[in-house]
Amino acid sequence: GALADRLTAGLAQRRQNKLYRQRLTLQSAQGPVVRVGNKEYLNFCSNDYLGLAAHPQVVAAFQRAANCYGVGSGASHLVCGHSAMHQQLEEALAEFTGRPRALLFSSGYMANIGILASLLQRGDHVFEDRLNHASLLDGGLHSGARFRRFGHGDVAGLERKLGAADGVKLVVVDGVFSMDGDTAPLPELAASCARHDAWLMVDDAHGFGVMGSRGAGSTEVAGLGVSEVPVLMATLGKALGTGGAFVAGSELLVESLIQQARTYIYTTALPPALAAASLESLRLLREECWRRDHLANLIQRFRRAAEQLGLPLMPSSSAIQPLLVGDPGKALALSEQLKRGGFLIGAIRPPTVSSGTSRLRITLSAGHSEAQLDRLLEQLDSCWPRA
Ligand SMILES: *Cc1c(COP(=O)(O)O)cnc(C)c1O
């Protein structure tokens, strides 16, 4: 039939262009060392930046809550799925981010779709950095507002676009860009938004828990509160090592989302035990500053050594340290070669990144030791093609 033919041709095309994607099946917990098949690998591709995904205390909190609350939440938050664990986590996240309220979503993808669709209407303007996460781009397009992209980090370009628009304006950026690892110029963006009566929304999936001396993320580093960043969103599946997401902001924002966000209203609440595990992770990340310090030390060590080895670093000071390759076939071949050497590092290719910018996306975690990082550097040195 017509559809099957199209799908078959689509898969063949992807294979031919070296863009075919395949999953690994892990036989162990997430961590610096993971098992795939019968082999162990050093894992340099997860977003478990603080090494909390399998932390015994986080696991124990999950188990205790499961004993108490069961596994399934049973319903959406507005029906009868909102438990004391969800409530406590929302309160803790609001307090930690210095916002009046926080609201949980089942995933970051759903949070972004729901937030953008609730805040925006036809005739409004939404401005997004060209390198924003897919969920933000999809959410902006889906919202019905007039959708404008601006150049990556180009505040002057954004300023011109804001000046030419009237009515409701929302500017949306990643705090830390997920495939590049660099950070948005938040103070300048906030100033530009203030001049043009626009709201600023920051998706801090990769900054929350990691950036800032308290770990409160990119907005902590920039010193921006709820009046400068009215919509702060972050995920729990990365530095917190659990799952789900939240948005933090004013009473007005959160109550509006509870009433209107379809991806909040028409979906089953997260398992309460996951909320309990997130609370424990949040407690650990607040108390154990050494995780952030150790990660910062690994990032520095990696960049210094990679520079000496002449590896194509990108301008990133975050835990995301991509090495630019360019061609998708070459990126894939390098990733496969590293895998044979015992290292897991994903080849990121179009359409996730733009054509000609395929890369190896190396992510560092507080779970890694210096010795493990040094083994990675040795391996990169021995397999990297040089002119
Ligand atoms: C991972 C990610 C999301 C999606 O979060 P999930 O909870 O995994 O759905 C959204 N935005 C950014 C920037 C991300 O990196």
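In this predicted model, a nitrogen atom of the ligand is placed 3.4 Å from an N or O atom in the side chain of His133, a polar contact in the sense of a pair of N or O atoms within 3.5 Å. Asp203 also reaches the ligand through its side chain, where an N or O atom is 2.5 Å from a nitrogen atom of the ligand, whereas Tyr109 uses a backbone N or O atom, which lies 2.9 Å from an oxygen atom of the ligand. There are 13 residues around the ligand, and those that come nearest are Gly108, Tyr109, Asp203, His206 and Lys238; a residue is counted here if one of its heavy atoms lies within 4 Å of the molecule.

Residues are numbered from 1 along each chain as its sequence is written. Because the model is predicted, local features need pLDDT of at least 70 and side-chain atom pairs count only at pLDDT 80 or more, while totals for chains, interfaces and linings use all residues, and side-chain values use heavy atoms, with hydrogens and water left out.

From the ligand we turn to the sheets. Seven strands form an open sheet with mixed pairing, in the order β3-β9-β8-β7-β6-β4-β5; strands are DSSP runs of E with at least two residues, helices are runs of H or I with at least four, and both are numbered from the N terminus, while two strands pair if DSSP finds at least two bridges between them. At the edges stand β3 (101–105) and β5 (146–150), each of which pairs on one side only, and neighbouring strands of this sheet are turned by 20° against each other on average, direction ignored. Within the sheet, β8 (residues 231–235) and β9 (residues 245–249) run antiparallel and are joined by four bridges, with Leu232 opposite Ala248 in β9.

Helix α7 (residues 155–163) packs on this sheet and touches β4 (125–129), β5 and β6 (169–174), its direction making about 155° with that of β5. Contact here means heavy atoms within 4.5 Å, and angles run from 0 to 180 degrees between N-to-C directions of axes, which are lines fitted to C-alpha atoms, for helices over the stretch in contact. Helix α8 (residues 186–195) lies across β5, β6 and β7 (199–203) and runs at about 155° to β7.

A second open sheet has three strands in the order β10-β13-β12, with antiparallel pairing. Its edge strands are β10 (320–326) and β12 (346–348), each pairing on one side only, and its neighbouring strands are turned by 30° against each other on average, direction ignored. Three bridges join β12 to the antiparallel strand β13 (residues 358–363), and Ile348 stands opposite Arg359 in β13. Helix α14 (residues 328–340) packs on the sheet, touching β10, β12 and β13, and its direction makes about 35° with that of β13. In the loop between β12 and β13 lies Pro351, and the peptide bond from Pro350 to Pro351 is cis, with omega near 5°.

Finally, there is a pair of helices to consider. The axes of α5 (residues 108–119) and α10 (residues 251–260) come within 10 Å and cross at roughly 100°, so α5 is roughly perpendicular to α10, a term that covers angles of 65 to 115 degrees. Gly114, Ile115, Ser118 and Leu119 of α5 make the contact with Leu253, Leu257 and Gln260 of α10.

Technical notes: Angles under 35 degrees count as roughly parallel, over 145 as roughly antiparallel, 65 to 115 as roughly perpendicular and the rest as oblique. A polar contact is a pair of N or O atoms within 3.5 Å; within protein, one must be able to donate a hydrogen and the other to accept it, and residues adjacent in sequence count only if both atoms are side-chain atoms.
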